[in-house]
Amino acid sequence: MTKKIKATIARYRRLLNKEWKDHNFISDGAGKRFMIGPLYLRIDDTKGAMAHYKWFEKMFDGDSGEPFHRMGWTLTLHRSGFDNAAERMLLIAMLKNLYLFPILFGEEPVPIEGWHGSNWEDLEYITDAPKWMINLWTDEELSWAKGIYYGDQAVKIRDRYMTINQFLELERPGEKRSMLVEESMKLERGDYRSLGN
């Protein structure tokens, strides 16, 4: 299994590098860039995952990141001893899909009302994913993640984010909606100034 996963990682990297070499740009419509980090974690290669995420940050600076990709990034930072950065990444990852961490923790997901900008935010996006993506975390790592996820800051961020998305479902296009969309996007990028933090 490890050999096969290594071959998949190598193939994905080769295709992305070829695209960059040929076009000086990577569009990656299939989302291979999001699979590499989690695949490294699947074979317990934290160093490989860290190298990938550093590359990703350099190549896709403005990319919001897919939920499992961001969750893998959180885990990679935690395993590498960068807990402050890991905590920040967890806060970003939790807004990529509000069902992600509750399902990771083995909880029954509660349906969330509100506007969704992408299918990445749907419950089915998490429940239909391969189980190995959820099973990467040890008990210690889950305990660490729960401490942050249920902490005051994370709860405040989630509550505001969900409130905005509920308003967005009803708000017509205009200045108020634009302001709400902007605040929502800032929260997704880890900018919490609107919360007074």
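This is a predicted model: local features need pLDDT of at least 70, side-chain atom pairs count only at pLDDT 80 or more; totals for chains, interfaces and linings use all residues.
Two residues are in contact here when they have heavy atoms within 4.5 Å of each other.

Helix α1 covers residues 2-23. Look next at which residues are hidden: Ile5, Thr8, Ile9, Tyr12, Leu16 and Glu19 are the buried ones in α1. Viewed down the helix axis, these buried residues fall within an arc of 100°, so they line one face of α1. That buried set packs against α2 and α3. Turn to the face pointing away from the buried side and you will find the exposed residues Lys3, Lys6, Arg14 and Lys21. After α1 comes Asn24, with a positive phi near 55°.

Now move on to α2, which runs over residues 32-42. Nine of its 11 residues are buried, so the rest of the structure largely encloses this helix. The buried residues are Lys32, Arg33, Phe34, Ile36, Gly37, Pro38, Leu39, Tyr40 and Leu41. What provides the cover? Among the elements lying over the buried residues of α2 are α1, α3 (46-59) and α4 (67-79). Just past the end of α2, Asp44 has a positive phi of about 60°.

Arg33, meanwhile, lies over the face of Phe60, 5.1 Å from the ring centre.

Leaving aside residues up to four places away in sequence, Arg70 touches Asp63, Ser64, Gly65, Met89, Ile92, Ala93 and Lys96.

Our last stop is another place where rings meet. The structure holds 13 aromatic pairs. One of them is formed by Tyr149 and Tyr150, whose ring centres are 4.9 Å apart and whose planes stand at 85°, so this pair is edge-to-face. Are the two partners buried or exposed? Tyr149 is buried, at 4% relative accessible area, whereas Tyr150 is partly exposed, at 39%. Tyr149 has a charged neighbour as well: the charged end of Arg158 sits over its ring, 3.7 Å from the centre.

Key
Residues are numbered from 1 along each chain as its sequence is written. Side-chain values use heavy atoms; hydrogens and water are left out. Buried means under 20% relative accessible area, exposed over 50%, partly exposed in between (1.4 Å probe, protein chains only). Helices (H or I, at least four residues) and strands (E, at least two) are DSSP runs, numbered from the N terminus. Rings of Phe, Tyr and Trp (its six-membered ring) pair if their centres lie within 6.5 Å; planes under 30 degrees apart count as stacked, over 60 as edge-to-face and the rest as tilted. A charge sits over a ring if NZ of Lys or CZ of Arg is within 6 Å of the ring centre and within 35 degrees of the ring normal. The arc is that of the directions from the helix axis to the C-beta atoms.
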